[in-house]
Amino acid sequence: MNRSEALSIVEPHLTKERFEHTVRVADTALTLAGLYGESQKKVEIASIFHDYAKYRPLDEMERWITTSYLPKDLLSYHHELWHGPVGSLLIDQEHGIKDEEIKSAVYCHTTGKANMSKLDMIVFVADYIEPGRDFPGLNEVRDMAEKDLLKTAWMVSRNTINYLIHKQTSIYPDTFHAYNDLTKQLY
Ligand code: DGI
Ligand code: FE
Ligand code: FE
Ligand code: FE
């Protein structure tokens with residue numbers, strides 16, 4: 001599957017804004033792949049499909065979680081967390097994408113997880129720093145993305161947890177697992 005095939009598969013599943021975000025995530029992720037020596041092919045497919053399930057009806061996502069191998073604890077957290085795991089399943093079911101590294105990067109792009117691969121970190125970071133985003137402290141993260149991928153993933157994880165605490169929302173265990181694992185690797 002090449003870039004334009006992948007883009008034409010995801011486009012009808014996304015809003016115009018979300019599709020434009022997806023293209024920017026792919027471009028950002030490809031730059032990171034060049035900087036950190038990751039397969040351009042895998043990075044391209046994973047980033048193009050990362051939000052594939054974003055607009056599936058909630059009852060459909062709930063059904064996939066209930067009836068598949070996906071962890072059931074997702075159902076007791078915010079539904080915004082479902083589209084990564086469900087997306088990793090649907091790209092296989094609906095488009096035959098069976099590469100476990102690609103599926104993993106789609107799976108964990110919102111929360112991160114322990115033991116993230118280089119590909120996981122590239123998609124996780126690209127989703128956060130793509131040029132259409134505007135978060136507090138983002139320039140510091142963008143600067144770090146040119147120097148140290150692990151440290152950048154750590155900053156994304158830290159900022160996300162800080163933001164969620166500020167919002168007084170519950171935090172999914174994988175979000176903490178990502179932060180703890182990256183912290184242990186760095187400090
Ligand atoms: O799909 P996108 O909007 O491109 O971005 P995303 O999938 O990375 O994140 C969607 C939202 O999920 C974002 O506002 C941060 C939030 N989020 C990340 N981790 C957690 C979380 N929300 C909750 N409630 N709990 C988490 O652990
Ligand atoms: Fe997402
Ligand atoms: Fe993200
Ligand atoms: Fe995204």
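**View 1. Helix 2 (16-36) and helix 9 (149-166) each give at least two residues to the shell around ligand 1.** Keep in mind that this is a predicted model. The shell counts 18 residues, and those that come nearest to ligand 1 are R18, K54, T110, Y172 and T175. Sorted by class, the shell has eight polar, six charged and four nonpolar residues. As for where ligand 1 sits, look for the largest pocket.

**View 2. Here we zoom in on side chains that meet oxygen atoms of ligand 1.** Start with T175: an N or O atom in its side chain is 2.8 Å from an oxygen atom of ligand 1. For R133, the distance from a side-chain N or O atom to an oxygen atom of ligand 1 is 2.9 Å. With H83, the pair formed by a side-chain N or O atom and a ligand 1 oxygen atom is 3.1 Å apart. Taken on its own, ligand 1 has 580 Å² of accessible area, and the protein covers 84% of that.

**View 3. The iron ion (ligand 2) is held by D51, H83 and H109.** D51 coordinates through OD, while H83 and H109 each use NE2, at 2.1 Å. Read along the chain, these donors follow the spacing D-x31-H-x25-H. D51 and H109 link distant parts of the chain, 58 residues apart. You'll find D51 in the loop between helix 3 (40-49) and helix 4 (58-67), and H109 in the loop between helix 6 (100-107) and helix 7 (118-129).

**View 4. The iron ion (ligand 4) has H21, H50, D51 and D127 as its protein donors.**

**View 5. Now for the spacing between iron ions.** Which residue coordinates both the iron ion (ligand 4) and the iron ion (ligand 2)? That's D51, and these two ions are 3.6 Å apart. Between the iron ion (ligand 2) and the iron ion (ligand 3), the separation is 5.5 Å.

Note on methods
Residues numbered from 1 in each chain as written. Chains lettered and ligands numbered in written order. Predicted model: local features only at pLDDT ≥ 70, side-chain atom pairs only at ≥ 80, totals over all residues. Heavy atoms only, no water. Near = heavy atom within 4 Å. Polar contact = N/O pair within 3.5 Å; in protein donor to acceptor, adjacent residues only side chain to side chain. Areas by Shrake-Rupley, 256 points an atom, 1.4 Å probe, with all protein chains shown as cover. 1 Å grid on protein atoms, 1.4 Å probe; cavity = no way out; pocket = protein on both sides within 12 Å on 5 of 7 lines; lining within 4 Å. Sits in = over half its atoms within 2 Å of the grid points. Helix = DSSP H or I, 4+ residues; strand = E, 2+ residues; numbered from the N terminus. Nonpolar A, V, L, I, M, F, W, Y, C, P; charged D, E, K, R; others polar. Donors = N, O, S within 2.8 Å, 3.2 Å for Na, K, Ca; no water.
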